[in-house]
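Thanks for making time this morning. I will go through one model, with the criteria stated as they come up.

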Amino acid sequence: MTVPVTEIFSSVQGEGLLVGCRQIFIRLYGCNLKCSYCDTVLHEEPDLCRVETAPDTGIFEYLPNPLGINDIARVVERLAVGLHHSISLTGGEPLLYSNVFRELLPALRGSRRGIYLETNGTLPGELARVIDLLDMVAMDFKLPSVSGLPPLWSKHGRFLEIAATKETYVKVVVAEQTPSREIETAAGLIKNTAPGVPLVIQPLTAGGTMGISPARLSILQRQALKILDDVRVIPQTHKLMGVL
Ligand code: SF4
């Protein structure tokens, strides 16, 4: 079995509840959505996948796509997998390739906490097929005001129900124009579906600056805290650190 991969590298997780943890990132190609703020190259499947040859070297080699399961496992092993908190499956939307997970994920052994899925939270059927193989799920709720997408609440709700059988949290990207009712809907959906799940509010960053004022961010957090116990504001830190 093969899968198109954009890149594989070792770095520090810059978003969400695992911020600061060392992970190996496997970025799978392609996505089922088109968010207005997307910074991932999605237009055409890359002929080559870039893979880091050793942690922190910044030296990459290029392997022809799509990659076989054994090729991916070999690259992960070479990056000193045992020093890593976990392996992050990211994208794009990794669940587009849920059909290879049953073969791929057992081959990715050796990290300290297992497999961490970063997902846009819109493919509940695909998640249901592979949830038993995952250790942690970081899922998005896409807010229409920022993503430019239509509301996806019902897909997110069904997805969260399944994700919450594992360690999980929900992330929302917010900007100055995010209305209070969107944060309230997001918090309400968590409360009604999986009440213990944390909500991470991530300010939109573009060109190195935040797309929301600190005052507005604080208001949105307080509004969510009226509904949920655990609501955290966590900006993207990898951009500050200048790491991948
Ligand atoms: S879900 Fe993520 S990868 Fe897909 S379009 Fe949105 S920001 Fe880009």
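I start with salt bridges: the count comes to 11, where a salt bridge is a side-chain nitrogen of Lys or Arg within 4 Å of a carboxyl oxygen of Asp or Glu. Before the individual pairs, the ground rules. This is a predicted model, in which local features need pLDDT of at least 70 and side-chain atom pairs count only at pLDDT 80 or more, while totals for chains, interfaces and linings use all residues. Residues are numbered from 1 along each chain as its sequence is written, and side-chain values use heavy atoms, with hydrogens and water left out.

Take E7 and R27, whose side chains meet in a salt bridge at 2.8 Å, N to O. This pair links distant parts of the chain, with E7 in strand β2 (residues 5-12) and R27 in strand β3 (residues 22-28), 20 residues apart. Helices (H or I, at least four residues) and strands (E, at least two) are DSSP runs, numbered from the N terminus. Both E7 and R27 are buried; buried means under 20% relative accessible area, exposed means over 50%, and partly exposed is in between, with a 1.4 Å probe and protein chains only.

A second pair is R102 with D132, a salt bridge at 3.0 Å, N to O. Again distant parts of the chain are linked: R102 sits in helix α2 (residues 98-107), D132 in the loop between α3 (124-130) and β9 (136-140), and they are 30 residues apart. R102 has a relative accessible area of 45%, so it is classed as partly exposed. D132 is also partly exposed, at 48%.

Then there is K142 with D140, also a side-chain salt bridge, 3.0 Å from N to O. K142 counts as buried because its relative accessibility is 7%, and D140 is buried at 11%. Through shared partners, salt bridges join E15, D140, K142 and K171 into one network.

Next, the sheet. In what order do the 10 strands of the open sheet run? The order is β5-β4-β2-β3-β7-β8-β9-β10-β11-β14, with mixed pairing; two strands pair if DSSP finds at least two bridges between them. β5 (60-64) and β14 stand at the edges with a single partner strand each, so one side of each has no neighbour in the sheet. From one strand to the next, the twist averages 20°. Axes here are lines fitted to C-alpha atoms, for helices over the stretch in contact, and angles run from 0 to 180 degrees between N-to-C directions. Helix α7 (residues 214-225) packs on the sheet and touches β10, β11 and β14, its direction making about 170° with that of β14. Contact means heavy atoms within 4.5 Å.

Now strand β11 (residues 199-203). Is it enclosed or open to the outside, and why? Five of its five residues are buried, so β11 is largely enclosed by the rest of the structure. L199, I201 and P203 point one way from β11, V200 and Q202 the other way. On one pairing, strand β10 (residues 167-174) runs parallel to β11 over five bridges, and V170 stands opposite L199. On another, β11 and strand β14 (residues 231-233) run parallel over three bridges, with V200 partnered by R232. β10, helix α6 (residues 180-193) and β11 make a right-handed β-α-β unit. Right-handed means that, with the strands pointing away from the viewer, the path from the first strand over the helix to the second runs clockwise.

Back along the sheet to L117, in strand β8 (residues 115-119). Strand β7 (residues 86-90) pairs with β8 in the parallel sense over three bridges, and L89 has L117 as its bridge partner. At 0% relative accessibility, L117 counts as buried. Leaving aside neighbours within four places in sequence, its contacts are L89, P94, L95, F101, L127, L134, M136, V137 and A138. For L95, 22 residues away along the chain, the C-alpha separation from L117 is 8.8 Å.

Last, cysteines. A search of the whole structure finds zero disulfides, a disulfide being a pair of cysteine sulfur atoms within 2.5 Å. For C49, the nearest cysteine sulfur is that of C38, 18 Å away. C49 is buried, at 0%, whereas C38 is partly exposed, at 37%.
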